[in-house]
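Hi,

Here is the structure I promised to pass on. Have a look at it first, and then read on for what turned up when I went through it.

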Protein chains: 2
Amino acid sequence: MAKKPTVYDVAEQAGVSIATVSRALRKPESVRQATRESIETAVQQLGYVPSGSARSLAARKTGIIGLFLPNVDELETLSDFELTDHDTAEIHVDRPVTGRIHRDSLYFDHVLRGCELEAWSQGLSLMVSIGQGRGESDVNQMVHDMIGKVDGVIILARSVPDRLIESLVKRIPLVMVADAPIGGEKSMDLVRVSNRKGMCTLVEHLVDAHQIRSFIYMAGPDDSPDNHKRYVGFQEGLAARGISPESIPIYRGKFSRPTAKKITQDLIERGDLPQALVCANDQMALGALDALTQAGLRVPDDVIVTGFDGIEESDTSHPRLTTVRQPMVNLGRAAVSTVVKRIEHPDDPPYSTEMPVSVLLRESCEGVLEAIPAA
Amino acid sequence: MAKKPTVYDVAEQAGVSIATVSRALRKPESVRQATRESIETAVQQLGYVPSGSARSLAARKTGIIGLFLPNVDELETLSDFELTDHDTAEIHVDRPVTGRIHRDSLYFDHVLRGCELEAWSQGLSLMVSIGQGRGESDVNQMVHDMIGKVDGVIILARSVPDRLIESLVKRIPLVMVADAPIGGEKSMDLVRVSNRKGMCTLVEHLVDAHQIRSFIYMAGPDDSPDNHKRYVGFQEGLAARGISPESIPIYRGKFSRPTAKKITQDLIERGDLPQALVCANDQMALGALDALTQAGLRVPDDVIVTGFDGIEESDTSHPRLTTVRQPMVNLGRAAVSTVVKRIEHPDDPPYSTEMPVSVLLRESCEGVLEAIPAA
DNA sequence: TTGTATGCGTTATCAA
DNA sequence: TTGATAACGCATACAA
């Protein structure tokens with residue numbers, strides 16, 4: 001690896017001063033055409049690439065945005081590996097595992113892509129760290145490491161301990177995605193989705209289009225703000241249609257497919273099925289589908305099932321799941337666009353953004369879509 | 001946002017020189033206990049975080065590894081978005097779409113996590129860019145932007161144009177994941193998976209355990225090296241069991257679920273089904289499953305179906321898919337670990353690593369696993 | 001063990 | 001339009 005050329009090398013080769021080289025690169029129009037061209041050739045010949053460190057140091061900004069993603073549990077059990085060159089394959093029977101959760105991975109991936117996309121379109125780079133799931137002192141270390149290298153950070157809910165976030169907000173432009181630490185909702189930049197409105201719209205549709213009056217609500221964990229807001233939306237939707245929310249039974253499916261399946265099976269056995277089973281996320285809706293299908297019941301003919309999130313599997317299940325899709329890519333884009341604003345205007349009051357969601361009506365409530373003429 | 005403190009501030013507050021502060025931070029043991037402590041308090045009080053730029057500049061290394069991911073097509077059509085604060089939800093009928101491809105997203109996500117994991121354990125940061133899918137000159141720009149900021153780069157196959165890669169190899173430590181540009185296999189660092197051995201092992205199992213003699217092979221695109229190696233493995237497995245590979249019909253499913261479904265339907269109509277349908281990836285195997293299930297055929301009783309990749313859906317389909325799982329997380333870890341080696345030893349001959357795969361025997365070839373006693 | 005002084009590769013401010 | 005030169009914030013060789 002040859003020693004890297006610097007501005008000095010380029011300047012010498014082009015017969016100008018380093019200041020001119022720097023200018024030619026940053027604001028080409030401030031340099032005479034001829035000069036510019038001779039510099040460009042020198043750059044080409046030498047394969048010169050400006051040092052990001054030097055540039056950042058001098059310009060007092062790095063052009064990098066940091067992104068903190070939550071860990072996914074499957075990664076905690078790290079198998080060892082070695083670098084070998086022999087071609088091998090192990091073989092074994094792989095039994096079904098219950099309780100594995102796939103949702104997060106997809107979700108974060110899309111947010112990441114949204115961030116990268118927007119960062120790129122703004123001429124910025126993206127630095128990624130995966131926080132929670134390691135010890136708190138490790139996360140602490142990672143965070144400090146990162147904020148030394150970036151102009152601002154984006155933090156996904158629950159990827160970094162709350163107390164750390166609060167101390168960060170004072171030091172560096174920071175935006176929270178999906179949720180703020182408890183109590184911090186008014187004091188920092190936020191980008192979220194319309195959980196409430198999404199669920200509300202969905203419920204209104206069920207009442208209006210399908211004359212549903214009897215519901216069961218399958219809730220997520222009590223400590224999840226998403227879960228809470230979705231339930232509030234559920235209540236609102238009912239109330240708007242004159243149905244008393246208090247009359248609707250709630251079951252706690254903990255956002256988990258197997259749990260929801262079990263609950264649904266109980267429901268079936270007891271003959272307690274409602275007209276519609278509204279679930280706080282897709283995983284649970286899929287679990288409900290599993291149970292109903294196994295019991296020989298038809299969805300939506302016998303029972304309507306709906307989810308929330310819009311994970312990929314909601315689009316490949318049988319029947320496909322009516323759900324509320326979160327605009328995950330745009331969530332990422334909005335996050336970047338928000339930090340950028342914060343970087344430029346450190347003293348603005350907190351920005352708070354709600355991204356609109358899409359209620360996707362599919363076969364699990366509509367029946368055979370082919371029968372419905374396209375819009 | 002208060003002006004950020006520097007070493008000078010810390011030094012003054014602690015009553016020492018900046019050199020001592022620097023030492024206390026880098027190699028604490030080279031500083032007397034008392035001094036160290038007074039520096040630590042100063043750091044705490046001021047909320048000092050070292051500047052990454054300055055540190056990189058002085059140390060001549062950034063501690064950052066760059067990662068290039070391929071784009072996924074869905075992101076090309078960018079819907080506009082705006083930052084608003086009103087709670088909204090649109091609602092519409094969502095018809096089934098054919099041909100959507102989900103594989104990549106998951107795959108890259110896992111590789112990314114592997115990279116991050118390993119980078120972190122080595123005290124490095126990760127910078128991510130999404131290459132291909134934008135214009136070549138854009139990618140070119142992104143790449144140069146990145147290599148100015150990192151110590152080495154990891155490039156996933158097909159995320160960056162070949163010619164660019166070749167010019168990069170000379171300038172900066174670079175590792176290719178999953179594949180090298182054509183012709184470059186011997187001249188750069190590589191991390192791959194055992195496509196060949198995986199398929200070979202799978203086929204041997206089918207012959208040995210299930211007495212399969214009649215196969216059909218569902219191939220991917222001709223220009224995919226992965227596809228090629230899997231087919232070679234397929235041939236090897238057959239040959240090892242005395243079956244002539246030439247006698248096996250090949251259909252080109254282009255790695256696509258709908259295509260494979262169509263082909264399988266044709267096969268069913270013509271009554272040409274084999275004992276086992278071996279597919280070069282999971283998507284195609286799922287397509288085959290779709291067709292077979294619709295036709296009322298039973299898998300594996302009537303036909304055995306196998307995939308390759310180990311995508312999540314292979315684990316949730318009915319029946320679950322026997323497949324070959326690529327160690328995606330470890331692929332990422334190996335990639336990072338390889339660039340690091342290259343950074344430390346710029347003049348070593350090219351490193352080439354094959355990661356072992358796992359053949360996962362599931363219901364699509366084994367039948368009901370519950371019936372088989374656990375190991 | 002600690003301090004002094006220099007260099008790292010840019011950008012930016014002045015002059016020219 | 002261009003050139004000298006002083007920051008930028010830290011690491012490190014050398015001295016003390």
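Let me begin with the DNA. DNA strand C is surrounded by 26 residues, and the closest of them are Val7(A), Ser22(A), Thr20(B), Arg23(B) and Thr35(B). Please keep in mind that this is a predicted model.

Which part of DNA strand C faces the protein? Of its atoms within 4 Å of the protein, 62% belong to sugar or phosphate, and the rest belong to bases. Ser22(A) uses a polar side-chain atom, which lies 2.2 Å from a phosphate oxygen of DNA strand C. In chain B, a backbone N or O atom of Arg32(B) lies 2.9 Å from a phosphate oxygen of DNA strand C.

The elements that give two or more residues to this surface are helices H1 (7-14), H2 (18-26) and H4 (52-59) of chain A, along with helices H2 (18-26) and H4 (52-59) of chain B. H2(A) provides the largest share, five residues. Sorted by class, the surface near DNA strand C has 14 nonpolar, six polar and six charged residues.

Now to the aromatic rings. The whole structure holds eight aromatic pairs over all chains. One of them joins Phe215(B) and Phe234(B), edge-to-face, at 5.9 Å centre to centre and with 85° between the planes. Phe215(B) is in strand E7 (residues 215-219) of chain B and Phe234(B) in helix H9 (residues 225-240) of chain B, so this pair ties together parts that are 19 residues apart in sequence. Both Phe215(B) and Phe234(B) are buried.

Phe234(B) also pairs with Tyr231(B): the ring centres are 6.1 Å apart and the planes are at 25°, so this pair is stacked. Tyr231(B) and Phe234(B) both lie in helix H9 of chain B, three residues apart, or about one turn of the helix. Tyr231(B) is buried as well. Over in chain A, Phe215(A), Tyr217(A), Tyr231(A) and Phe234(A) form one aromatic cluster.

Rings meet charges too. The charged end of Lys341(A) sits over the ring of Tyr351(A), 4.2 Å from its centre, and Lys341(B) lies over the face of Tyr351(B), at 4.2 Å from the ring centre.

Finally, take a look at Ala276(A), in strand E9 (residues 276-279) of chain A. Ala276(A) is buried, with a relative accessible area of 0%. Its contacts include Leu206(A), Ile212(A), Phe215(A) and Val303(A).

Best wishes

Conventions. Residues are numbered from 1 along each chain as its sequence is written. Chains are lettered from A and ligands numbered from 1 in the order in which they are written. This is a predicted model: local features need pLDDT of at least 70, side-chain atom pairs count only at pLDDT 80 or more; totals for chains, interfaces and linings use all residues. Side-chain values use heavy atoms; hydrogens and water are left out. Helices (H or I, at least four residues) and strands (E, at least two) are DSSP runs, numbered from the N terminus. Buried means under 20% relative accessible area, exposed over 50%, partly exposed in between (1.4 Å probe, protein chains only). Contact means heavy atoms within 4.5 Å. Rings of Phe, Tyr and Trp (its six-membered ring) pair if their centres lie within 6.5 Å; planes under 30 degrees apart count as stacked, over 60 as edge-to-face and the rest as tilted. A charge sits over a ring if NZ of Lys or CZ of Arg is within 6 Å of the ring centre and within 35 degrees of the ring normal. A residue is near a molecule or strand if one of its heavy atoms lies within 4 Å of it. A polar contact is a pair of N or O atoms within 3.5 Å; within protein, one must be able to donate a hydrogen and the other to accept it, and residues adjacent in sequence count only if both atoms are side-chain atoms. Ala, Val, Leu, Ile, Met, Phe, Trp, Tyr, Cys and Pro count as nonpolar, Asp, Glu, Lys and Arg as charged, and the others, Gly among them, as polar. Lists of a residue's contacts leave out its neighbours within four places in sequence.
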